[in-house]
Amino acid sequence: MIRWRPFIAVLALALVLVSPASAVQVTPQASPADSSVAPFLQINPLPEGDPRPDGPLSVAATTGIVADLVRQAGGQRVDVITILPANADPHDFEPSPEDVVAVEDADIVVTYGLRLDEWAEDLVANSGSDAPVSVISEGVQPLAADEDEFEAGDPHAWFDPTRVQTMVDNIAASLSEVDPDGAPTYQARAAAYKGYLTALDVAIQDRVAQIPIERRKLVTNHDALSYFAERYGFEVVGTVIPSLDTRAEASARDVAELVDVIEREGVSAIFAENTTSPNLAEELAAQAGVTVVDDLYTDSLGEPGSGADTYLGLMQTDTVLIVNALR
Ligand SMILES: [Zn+2]
């Protein structure tokens, strides 16, 4: 139990810094051998705030992660429709006619940006909507990307909870512009939720400390984990699809090189993901003689009940999968 003490001290500080309504408790794993993907943050309800007299704002959000963050900031003042289905790949998505209708009816459209959901531009144009469009990654410091189509930076910034705090502030500000009377509610909920993000960040650091430093090497399906690696001290030694975009294809030479790298670096697992087929990852793992962990939740939330149907759930699920595979 001793290893929890420094963490609890930091947590106590975090609790002093955030509102009392956002009290967070941590449930330690039952035993070090526990392999279940149980959440390790206990989340209490955020401050409710006042309902909106005219009924909730109608919000169209592009991805499940964006939609969840809008619900966290907006509470009962918002009614959020998610365009991207659970487990779907935002890099390779074609909106349907129903999605056009959802955008047409929205009071505000909330997008991610950094080319993750660039299909939203056509969607808004086709709907003829004049609703404001919020881009939640604005002001987030992106990691540089060496791919031409991502010159603005690596889009997968949600893998760093401290960067998500900026996104939550952006959402609260955008909702307040459309619904000024709700501003106190949006600000209070955003502040409390940011307390959870701080607690999540500290808890992930604590979990990752179980992995010996020389084993903190990631091979993922596509290049989605750079922010996680940067924040928590991992090295991304290779990716099955050699790109930030799942639509790229690995050549036979890419595959052969990655098998070499896996063997040379002593990597023990390849992480497949919920949004794409694991076939190539499985083939590569068989060649390299390592295991495939299926599935990390990367660019899309999971189905309700999956444990990864919220952003906080996604991050906890992925952390447990990574820690269990590499420690
Ligand atoms: Zn991606």
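Colleague: Which residues of strand 5 are buried on one side, and which on the other?

Modeller: In a regular strand the side chains alternate between the two faces of the sheet. Take strand 5, residues 108-111. Ile 108 and Val 110 are buried on one side, Val 109 and Thr 111 on the other. Buried means 20 or more other C-beta atoms within 10 Å of a residue's own; exposed means 12 or fewer, partly exposed lies in between, and C-beta atoms are placed from the backbone. Bear in mind that this is a predicted model: local features need pLDDT of at least 70, side-chain atom pairs count only at pLDDT 80 or more, and totals for chains, interfaces and linings use all residues. Residues are numbered from 1 along each chain as its sequence is written.

Colleague: What is the order of the strands in the sheet?

Modeller: First, the terms. Strands (E, at least two residues) and helices (H or I, at least four) are DSSP runs, numbered from the N terminus. Two strands pair if DSSP finds at least two bridges between them. Here four strands form an open sheet in the order 4-3-5-6, with parallel pairing. Strand 4 (78-82) and strand 6 are the edges; each has a single partner strand, so one side of each lacks a neighbour in the sheet.

Colleague: How many bridges join each pair, and where can I find them?

Modeller: Strand 3 (residues 57-61) and strand 4 share five bridges. Leu 57 has Val 78 as its bridge partner in strand 4. Three bridges link strand 3 to strand 5; there, Val 59 partners Ile 108. Strand 5 and strand 6 (residues 133-135) also pair over three bridges, with Val 110 opposite Ser 134.

Colleague: Which way does the chain cross from strand 5 to strand 6?

Modeller: Point the strands away from you. If the path from the first strand over the helix to the second runs clockwise, the crossover is right-handed. This β-α-β crossover, through helix 4 (residues 119-127), is right-handed.

Colleague: Is helix 2 enclosed or open, and what covers its buried residues?

Modeller: Count its buried residues. In helix 2 (residues 64-74), eleven of the eleven are buried, so the helix is largely enclosed by the rest of the structure. Among them are Ile 65, Asp 68 and Arg 71. The cover includes strand 3, strand 4, strand 5, helix 5, helix 6 (183-208) and helix 10 (311-326). Contact here means C-beta atoms, placed from the backbone, within 7 Å.

Colleague: What follows helix 2?

Modeller: Gly 75, with a positive phi near 55 degrees.

Conventions: Contact = placed C-beta atoms within 7 Å.
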